[in-house]
Amino acid sequence: MSIDVTVIIPVHNTGRGVLAGLESLRAQTLPRSRFEVIYVDDGSTDGTGELLDTELAGEENFSVVHIENSGWPGRPRNIGIDRARGEYLFFMDDDDYLGAEALERLVAKAREDSADIVIGRMAGIGRRAPREIFQRPLSGATLRTHRILLTTLTVHKLFRTEFVRSHGLRFPEGKVRLEDHMFMLPAYLRAASVSVVHDYTCYYWVRHKDENFGNISFRTPPDPEDYLGSVERIIDIIEAETEPGEFRDTLLAQWYRSKLLGQMQGAKYLRLPEQTAEVLHTVAHSLVQRRIPERVDARLNPFSRLRATALRTGQFDLVRHVAEFEHDLGQRTTVTGYRWDGSVLYVDVESTLVRKSDQRPLEFVRSAESVYWDLPTAVLSHPEVCEAAEVTAALKRIKLRTFARNKKLGADVTVPTSFTLLEEPVGADRFTVRLVGTVTLDIQRGNLGGPLLGKWWFVSRIDLGGVSCDFTLGPLRSPAAEATRVPAFVHLDNTPPVLVTPSYNAKNHLVVTADDPWQKLPALIPPQERPAVVRNSDGLQLRIPLALHTSDERIGLPLCLVGNGEKVESAASVRPDSASATNPHSVLTADVPHVSGPGQWELVVETAERPIPLRLRLSRGLFHWSVKVQHPSRSLRARMGRLYRALRRRAVRLARDLGLRR
């Protein structure tokens, strides 16, 4: 049988950490006979190569190639390309791992779309992974028609082998920075069709806290001259592969913004030794002057254009001032309320841009009809830099976005967020901004068209002029919001209903959990209301008030009573309850047939997997019936109290026996 895909993995001193990726390959749903894995050990000295030899001895279609240390992933990957037997190639790093269906889905998508490249959805573990490209289906894309491809430039993708070989696509060998980009840029430019698997997490991209583990290019700090030398090599590729004009300038702006100007922002830049920073500034200034036409600056976002303007002046203290200002920008978002409408939970929020150093709202400066960043006077005194600091148009395009994340699923999805921008004056020529918005959580469709099942947490983001400020929802919330935070039963297509619970985790972050509802049912009974049971002509009617939201539709559940060696089935449902004092409110009602004799009966939900006790006990005395909630915490306190009293009695007896007490 022919090989569908060859997985190529460069390895260097990963130790037992390599086993996570190996196990994910062994767990693939694509039959073992249809894919091969080539590990290329780049001269490991910690026993990684020997470990793989032992693990893979006799393993079908898994092999290890040992080479002398080249110091970088390029040569091992090229060796993998030369040895590959598969119709497709997939490049993987030694410290990452795959979803179980990854290879099967990627190959199927490639064949369905006749694609040269297929990008599988990624999840970042300890690092930020691309997000926007995976929010919707994509087939038949090219770099000229879909610039969003530039948001993912790592090589952790599926490539048609003949496409790679016929175009002579190779990785640069030796210690070359941005080697992925030097492979991906010509690959994107020459691909006739690029597709995306958007609805399944194929690749888990890992950054370990241990700097001595994993990816060698991440472990080694870049030398400014070497790094910017690689940026210049990419400029060479752009000029060789494209004609002068708008498309070429767009590509130049991509690497100019992200890789050249990107070296002069953030905490890592601000911590550089003075001598290293001076080298970086000098080399970057020279590269911009030689290779980046000034017209390209117009294609940058406003804040990158401000940084570029400061760099072009040759006064590098201005570059640092701009970086310090950006690094101090942050935001905070307060949850102000929750509202249910059917299966949709609306979370009301208010967001404010702040200075992280003192948490005071960020001020903007107004001059005539223009608005500017509140930069230091030393920066704004330069006319060209002051002009680049204008944000009038950018402020009108400010965005408030929200991302829902699920660690178990490896999902990171954008959820709809509407907002209104409010300006609040703080002086004659200054103001702050506040964004009043609503996050829409569609439980049935919120996960790329599928349900938001499992545990989700949320990040709010303000985007303004190329600056993005994140805040995790939850720690800030108003008292009014807490009064409206209630769970809900939600119907899903062709599946039992789920209980959706907004709550807060140990870090005080908002977590919305959609899972099996029945075990949590007793906790939803309001303390001021009690379950009731009454006789009727057909038996008993059970009424249990619940503090939760339900739609107008009744939700049925398979309830039964267990006791006295019998099991009695009951018709039960949950529906809105207009008679309840709680708001929102529902009621569980059940019609129970006559049961024989006095005694105690447990209420149980008969699910497909197993019966689940509801911790509700129905008791029959001589004259009436009663129902009680069995709270686990109360039961535990009672047991601990009984244990304490028993130990105390034993201690008293022991003291008496020893003559210590009369």
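**Entry 1: how exposed is a residue?**
I began with a definition: buried means under 20% relative accessible area, exposed means over 50%, and partly exposed lies in between (1.4 Å probe, protein chains only). I then looked up Q359, which counts as partly exposed because its relative accessibility is 38%. L448 is partly exposed too, with a relative accessible area of 23%.

**Entry 2: what I am looking at**
I noted that this is a predicted model, in which local features need pLDDT of at least 70, side-chain atom pairs count only at pLDDT 80 or more, and totals for chains, interfaces and linings use all residues. Residues are numbered from 1 along each chain as its sequence is written, and side-chain values use heavy atoms, with hydrogens and water left out.

I checked the confidence next (pLDDT is the predictor's confidence in each residue, from 0 to 100). The mean pLDDT of the protein is 89, and 92% of its residues reach 70 or more. I marked residues 211-216, where pLDDT stays under 50. For that stretch the model has 16 contacts beyond four places in sequence, a contact being heavy atoms within 4.5 Å.

**Entry 3: the overall picture**
I found 18 helices and 30 strands in the protein. These are DSSP runs numbered from the N terminus: helices are H or I with at least four residues, and strands are E with at least two. Of the 662 residues, 52% count as buried. The C-alpha atoms fill a box of roughly 95 × 80 × 70 Å, taken along the principal axes. Among contacts with a separation of 6 or more, 69% come from residues 24 or more positions apart.

**Entry 4: back to Q359 and L448**
I went back for the backbone angles. Q359 has a phi near 60°, a positive value in a residue other than glycine, and sits in the loop between strand 11 (344-355) and strand 12 (364-367). L448 is not a glycine either, yet has a positive phi of about 55°. I located L448 in the loop between strand 17 (430-442) and strand 18.

**Entry 5: aromatic rings**
How many aromatic pairs does the structure hold? I read off 13. Rings of Phe, Tyr and Trp (its six-membered ring) pair if their centres lie within 6.5 Å; planes under 30 degrees apart count as stacked, over 60 as edge-to-face and the rest as tilted.

I looked at F35 and F62: their ring centres are 6.1 Å apart and their planes are at 70°, so the pair is edge-to-face. This pair links distant parts of the chain, with F35 in strand 2 (residues 35-42) and F62 in strand 3 (residues 62-67), 27 residues apart. Both F35 and F62 are buried.

I then turned to F91 and F159, which are edge-to-face because their centres are 5.7 Å apart and their planes at 65°. F91 in strand 4 (residues 88-91) and F159 in strand 8 (residues 158-160) are 68 residues apart, so this pair also links distant parts of the chain. F91 is buried at 1% relative accessible area, and F159 is buried at 0%.

I also traced a cluster in which ring pairs link F303, F325, F364, W373 and F431.

**Entry 6: helix 3**
Is helix 3 enclosed or open? Of its 10 residues (74-83), 7 are buried, so helix 3 is largely enclosed by the rest of the structure. The buried ones are G74, P76, R77, N78, I79, G80 and I81. They pack against strand 1 (5-11), strand 2, strand 3, strand 4, helix 5 (161-166) and helix 6 (179-190).

**Entry 7: L185**
I followed helix 6 to L185. L185 is buried, with a relative accessible area of 1%. Which residues does L185 touch, not counting those up to four places away in sequence? I listed L143, I234, I237, I238, L251 and W255. L185 and I234 are 49 residues apart in sequence and 8.2 Å apart in space, C-alpha to C-alpha.
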